[in-house]
Amino acid sequence: MSHLQFADDTIIIGDKCWLHVCSIRVVLLLFEEVSGLKVNFYKSRLTGVNIPPTWLSEAASVLNCRTGSIPFLYLGLPIGGDSRKLSFWKPVVDRIRAQLSVWNNKFLSFGGRLVLLKSVMPSLPVYFLSFYKAPIGIISSIESLF
Amino acid sequence: MFTCELWWPRVQRLGEFNLSLLGKWCWRLLKEKDELWYCVLKARYREMGGRIKEGGSDASLWWRMICHVREGVGTGAGNWFDDNTRRVVGNGRNTFFWTDY
């Protein structure tokens, strides 16, 4: 078994066997006892790679968490997604669009809105763009939003 | 009346912006050879002449993409990354005579 841990996100990786499921449970419970911190099992997900869903949901009920699916979010980035697909970029475009529609209602001067746009908007997709190459269609649709 | 396109300046060129952010990974591939993430890539795809190999079709999408950026595939600007990076030969320990340029 292995794990990845950064900031407030942790991935525990193991094989498909009951021993690993049980040891994940035990380790997390021991962690609670030792540190006094509570693990929120409801916010945790059990995701399988080539594992039958029935086995997965059984294991999830043992771990008292829910089943997840690929792509899942780790540190805000979708893991295992296909960055060439349009659906991969939908959250980014939606976030920019939502932000823009909020700003439209505010009584800003034209200059003020421009400054806001120029300083804030480009930084919204930066995190995604620094990891994945956006398809041309997505780039032009984000540019047309600005 | 003026139209939107006329007075609304383009905020930035997003495509080039994207490429330059990904180019940072190529830079880090050269600079951070002792870091864990480099060692993981090295173990997965193997190193040859100081560069991590591209791997076959089973390579991860992300790694293939970084390799494309490194080799300048599909940018229309040639190999912009290698053209604009310079290597200084120090004691020669990590310099490869044939493959480095």
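Figure 1. Helix H1 (residues 18-35) of chain A has the highest confidence, at 91, and H4(A) the lowest, at a mean of 76. Helices (H or I, at least four residues) and strands (E, at least two) are DSSP runs, numbered from the N terminus. Because the model is predicted, local features need pLDDT of at least 70 and side-chain atom pairs count only at pLDDT 80 or more, while totals for chains, interfaces and linings use all residues. Residues are numbered from 1 along each chain as its sequence is written, with chains lettered from A and ligands numbered from 1 in the order in which they are written.

**Figure 2. The domains of chain A.** Domain 1 covers 2-78 and domain 2 covers 87-145; these bounds come from an automatic or database domain assignment. Between the C-alpha centres of the two domains of chain A there are 33 Å.

**Figure 3. The elements of chain B.** Five helices and two strands make up the elements of chain B. Their order from the N terminus is α-α-α-β-β-α-α. Of the 101 residues in chain B, 8% are buried; a buried residue has 20 or more other C-beta atoms within 10 Å of its own, with C-beta atoms placed from the backbone. Two residues are in contact if their C-beta atoms, placed from the backbone, lie within 7 Å. Among contacts in chain B with a separation of 6 or more, 40% are between residues 24 or more positions apart.

**Figure 4. The buried residues of helix H4 of chain B.** In H4(B), residues 61-71, the buried residues are Ile66(B), Val69(B) and Arg70(B). Seen down the helix axis, they fall within an arc of 100 degrees, so they line one face of H4(B); the arc is that of the directions from the helix axis to the C-beta atoms. They pack against helix H2 (14-31) and helix H5 (80-83) of chain B.

**Figure 5. The contact between chain A and chain B.** Twelve residues of chain B are in contact with 14 residues of chain A. On the side of chain A, helix H4 (110-120) and helix H6 (136-145) each give two or more residues. H6(A) provides the largest share, three residues. By type, the residues on this side of chain A are eight nonpolar (Ala, Val, Leu, Ile, Met, Phe, Trp, Tyr, Cys and Pro), four charged (Asp, Glu, Lys and Arg) and two polar (the others, Gly among them).

Conventions: Buried ≥ 20, exposed ≤ 12 C-beta atoms within 10 Å, placed from the backbone. pLDDT = per-residue confidence, 0-100.
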